[in-house]
Amino acid sequence: MFDRLASPTRFAAFAARAQGWVAGGAVLLILVGLYFAFFASPPDYQQGEAVRIMYIHVPSAWMALFAYGFVALMSAVGLIWRHPLAHVLATAAAPVGAAFTFVCLVTGSLWGKPMWGAWWVWDARLTSVLILFFIYLGYIALVGAFDEPTRGDRAGAILALVGAVNVPIIKFSVDWWNTLHQPASVMKLSGPAIDTAMLIPLLLMAAGFTALFFALLLVRARAELLARRVRALRLIEARGAAGAAEVRV
Amino acid sequence: MSGFFAMGGYAAYVWPAYALALIVLGGIALASVRSLRAREAEVRALEAARPRRQRPER
């Protein structure tokens with residue numbers, strides 16, 4: 001299946017067919033998730049209604065890391081097997097990951113103010129996620145900085161792989177350093193330490209955000225493939241015009 | 001209902017958080033679809049401008 005989809009033309013056709021279904025699934029999951037987040041889950045016994053910020057903050061944090069893992073994996077595939085589609089997918093995913101990281105940072109700030117009394121603290125988790133956001137921005141700028149897309153692909157892929165060291169730092173920052181941000185309560189070996197009524201909206205929103213990531217990935221990858229085709233067609237046109245001018249002279 | 005919107009006194013934090021997520025994620029979705037439409041139009045225009053050459057099979 002992956003061999004078949006590795007052809008950019010076949011991938012574009014598959015993406016065009018799949019994007020509507022994936023986007024529809026995302027909207028459905030998020031709407032059901034929002035219902036549970038606001039109407040079918042209790043206020044926290046300590047945090048009151050402010051706990052509802054969790055249902056976007058935590059899933060967007062997961063997506064920030066998932067998207068970065070995807071960018072790094074595609075970058076590795078692109079560098080090792082020199083497959084252009086892998087680079088296209090990495091380039092398409094990065095802005096989506098940056099958007100989730102931004103949502104995570106701002107909603108965290110809006111949650112931190114009433115709970116910790118501060119919009120921002122230089123805690124290990126917060127700082128490492130801020131660095132993740134800057135790595136995303138650096139990656140996007142670097143890929144776009146070359147006239148020749150293949151050179152931008154390679155430079156960006158190397159940056160993405162170097163930046164991947166930040167991912168385990170983010171994950172374990174709450175265990176390695178004694179910081180203000182609380183440690184994991186869902187993704188832990190002993191099982192989730194969170195009430196089922198709160199786990200349901202959290203997982204629904206996470207599933208919805210994952211579907212949204214893939215829907216946006218398909219749309220953006222198609223756009224990126226077409227952008228590269230536009231560039232190739234313009235080059236042929238320019239060469240054709242130059243050739244015609246030579247003939248005329 | 002006004003109790004719901006008050007969010008137990010945390011309305012000033014809960015609603016901006018959801019509004020921001022909607023703006024950022026909705027914004028990137030809109031921008032992605034628009035960019036796809038623009039690229040599709042560009043490719044169509046460029047391929048139409050090459051009359052003598054057969055169009056590549058899709």
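This is a predicted model: local features need pLDDT of at least 70, side-chain atom pairs count only at pLDDT 80 or more; totals for chains, interfaces and linings use all residues.
**Entry 1: A:Leu89**

I started with A:Leu89 and skipped its neighbours within four places in sequence; what remains in contact with A:Leu89 is A:Met74, A:Leu217 and A:Ala221. For "contact" I use C-beta atoms, placed from the backbone, that lie within 7 Å. Residues are numbered from 1 along each chain as its sequence is written, while chains are lettered from A and ligands numbered from 1 in the order in which they are written.

**Entry 2: A:Val88**

Next I looked up A:Val88, which lies in helix H4 of chain A. Helices here are DSSP runs of H or I with at least four residues, strands are runs of E with at least two, and both are numbered from the N terminus. Is A:Val88 buried or exposed? It counts as buried, because 25 C-beta neighbours sit inside 10 Å. The scale I'm using, again with C-beta atoms placed from the backbone: 20 or more other C-beta atoms within 10 Å is buried, 12 or fewer is exposed, and in between is partly exposed. Not counting residues up to four places away in sequence, A:Val88 touches A:Ala221, A:Glu224 and A:Leu225. I also checked A:Arg222, which is 134 residues from A:Val88 along the chain, and their C-alpha atoms are separated by 8.9 Å.

**Entry 3: the largest nonpolar core**

I went looking for the core that A:Leu89 belongs to. The largest nonpolar core has 78 residues, and A:Ala64, A:Ala67, A:Val71, A:Leu89 and A:Ala93 touch the most other members. A nonpolar core means a set of buried Ala, Val, Leu, Ile, Met, Phe, Trp, Tyr and Cys residues joined through C-beta atoms within 7 Å. Which helices each supply at least two residues of this core? From chain A I list H2 (8–38), H3 (54–81), H4 (84–116), H5, H6 and H8 (196–248), and from chain B there is H2 (11–48).

**Entry 4: chain A as a whole**

Chain A has 8 helices and 0 strands. Its C-alpha trace spans about 85 × 35 × 30 Å along the principal axes. I get 39% of its 249 residues as buried. Taking contacts in chain A between residues at least 6 apart in sequence, 75% join residues at least 24 apart.

**Entry 5: H4 against H5 in chain A**

H4(A) and H5(A) pack at an angle of about 150° with their axes 9 Å apart. The axes are lines fitted to C-alpha atoms, for helices over the stretch in contact, and angles run from 0 to 180 degrees between N-to-C directions. The two helices are therefore roughly antiparallel. The cut-offs are under 35 degrees for roughly parallel, over 145 for roughly antiparallel, 65 to 115 for roughly perpendicular, and oblique for the rest. Their crossing is left-handed. That word applies if the near helix is turned anticlockwise from the far one by less than a right angle, and right-handed if clockwise. Among the residues that meet are A:Thr91, A:Phe102 and A:Leu105 in H4(A), and A:Leu126, A:Phe133 and A:Ile140 in H5(A). I sorted this contact into 16 nonpolar, 4 polar and no charged residues. Nonpolar covers Ala, Val, Leu, Ile, Met, Phe, Trp, Tyr, Cys and Pro, charged covers Asp, Glu, Lys and Arg, and the others, Gly among them, are polar.

**Entry 6: H5 against H6 in chain A**

H5 (residues 124–144) and H6 (residues 149–163) of chain A pack at about 165°, with axes 7 Å apart. H5(A) and H6(A) are therefore roughly antiparallel to each other. I noted a right-handed crossing for H5(A) passing H6(A). A:Ile135, A:Gly138 and A:Leu142 are among the H5(A) residues here, and they face a set in H6(A) including A:Gly152, A:Ala155 and A:Leu159.

**Entry 7: chain B**

Chain B has 2 helices and 0 strands. Of its 58 residues, 17% count as buried. The contact between the chains takes 24 residues from chain B and 32 from chain A. The chain B side divides into 17 nonpolar, 3 polar and 4 charged residues.

**Entry 8: two positive phi values**

A:Arg82 isn't a glycine, but it has a positive phi of about 50°. I found A:Arg82 in the loop between H3 and H4 of chain A. With 12 other C-beta atoms within 10 Å, A:Arg82 is exposed. In chain B, the phi of B:Met7 is positive and near 50°. B:Met7 has its place in the loop between H1 (2–6) and H2 of chain B. B:Met7 is partly exposed, with 19 other C-beta atoms within 10 Å.

Definitions and conventions: Two residues are in contact if their C-beta atoms, placed from the backbone, lie within 7 Å.
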